[in-house]
Amino acid sequence: MIWVVFLMAWCVAGSAQASEAEPVAAPTADVNWTGPFRLGAGDVLNVFIWKHKELSTIVTVRPDGKINYPLIGEIEAKGLTLGEIEERINKQLKQHIQDPQVTVILEATHSFRIFVLGEVMQPGVFDLKGPVTVIQALAMARGLTTFASRNKIFIVNPGRSGEQRIPFNYSKFVQGEDSNQNVMLRPGDTVIVP
């Protein structure tokens, strides 16, 4: 019986602490972006069709998210993985050639970019090869200036459900108090240092 009372008291205390922490806007699972690379405008693809050298070509994803491909025409590529674009090209080529063997290789990525603005040594646009954390983005911008508000940094995240602002307290992170706030940035994220 004592253990039951103790367990209930512990649960109530835990929920009280959780409700106190809610206004801090802790990062959600959606913020910690991981997963397969998805194509975006500017990405360069090498499309290889086995035994059909004349159809093998290099294409660039246009600003409208589409590519032009011989025999097929326009194909929507934005937001697709390499495997998904392979499937689309394969499916449409089957109308023109027998049993196409399609391989798509990412030659260059220009869609994975982030922005760092405000009181950093080198603000700007950063083209990335893969995901980076907030602290890595600040390092790419050569660190904070002496006038930076270290406790008021935030990330603007153009998520699917509308713009989201995620706080980042540099001082707490450096002291090891809150390492969970060092989230992975998504393509298009902006780190703002007031």
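Thr145 is situated in the loop that joins α3 (134-140) to β8 (153-159). The model described here is a predicted one. With a relative accessibility of 14%, Thr145 counts as buried, because buried means under 20% relative accessible area. When residues up to four places away in sequence are left aside, Thr145 touches Glu119, Val120, Met121 and Arg150.

**Two loop residues with positive phi**

Lys51 belongs to the loop between β1 and β2 (57-60). Although Lys51 is not a glycine, its phi is positive, at about 70°. Lys51 is also exposed, with a relative accessible area of 65%. Leu71 is found in the loop between β3 and β4. Leu71 likewise is a residue other than glycine with a positive phi, here near 75°. At 49% relative accessibility, Leu71 counts as partly exposed. The cut-off explains this class: exposed means over 50%, and partly exposed covers the values between that limit and the 20% below which a residue is buried.

**A residue in a strand**

Pro167 forms part of strand β9 (residues 162-168). Its relative accessibility of 33% places Pro167 among the partly exposed residues. Pro167 and Gln181 are separated by 14 residues in sequence, while their C-alpha atoms are 7.6 Å apart in space.

The table gathers the accessibility of the residues discussed so far.

| Residue | Relative accessibility | Class |
|---|---|---|
| Thr145 | 14% | buried |
| Pro167 | 33% | partly exposed |
| Leu71 | 49% | partly exposed |
| Lys51 | 65% | exposed |

**Helix α2**

Helix α2 comprises the 12 residues 82-93. At 1.5 Å a residue, α2 should span 16 Å, and the distance of 16 Å between its end C-alpha atoms agrees with this expectation. The buried residues of α2 are Ile85, Ile89 and Leu93. Viewed down the axis of α2, these buried residues fall within an arc of 65°, and therefore they line one face of the helix. The face of α2 turned away from the buried side carries Glu87 and Lys91, which are exposed.

Conventions
Residues numbered from 1 in each chain as written. Predicted model: local features only at pLDDT ≥ 70, side-chain atom pairs only at ≥ 80, totals over all residues. Heavy atoms only, no water. Helix = DSSP H or I, 4+ residues; strand = E, 2+ residues; numbered from the N terminus. Expected span 1.5 Å × (residues − 1). Buried < 20%, exposed > 50% of the residue type's maximum accessible area, 1.4 Å probe, protein only. Arc of directions from axis to C-beta. Contact = heavy atoms within 4.5 Å.
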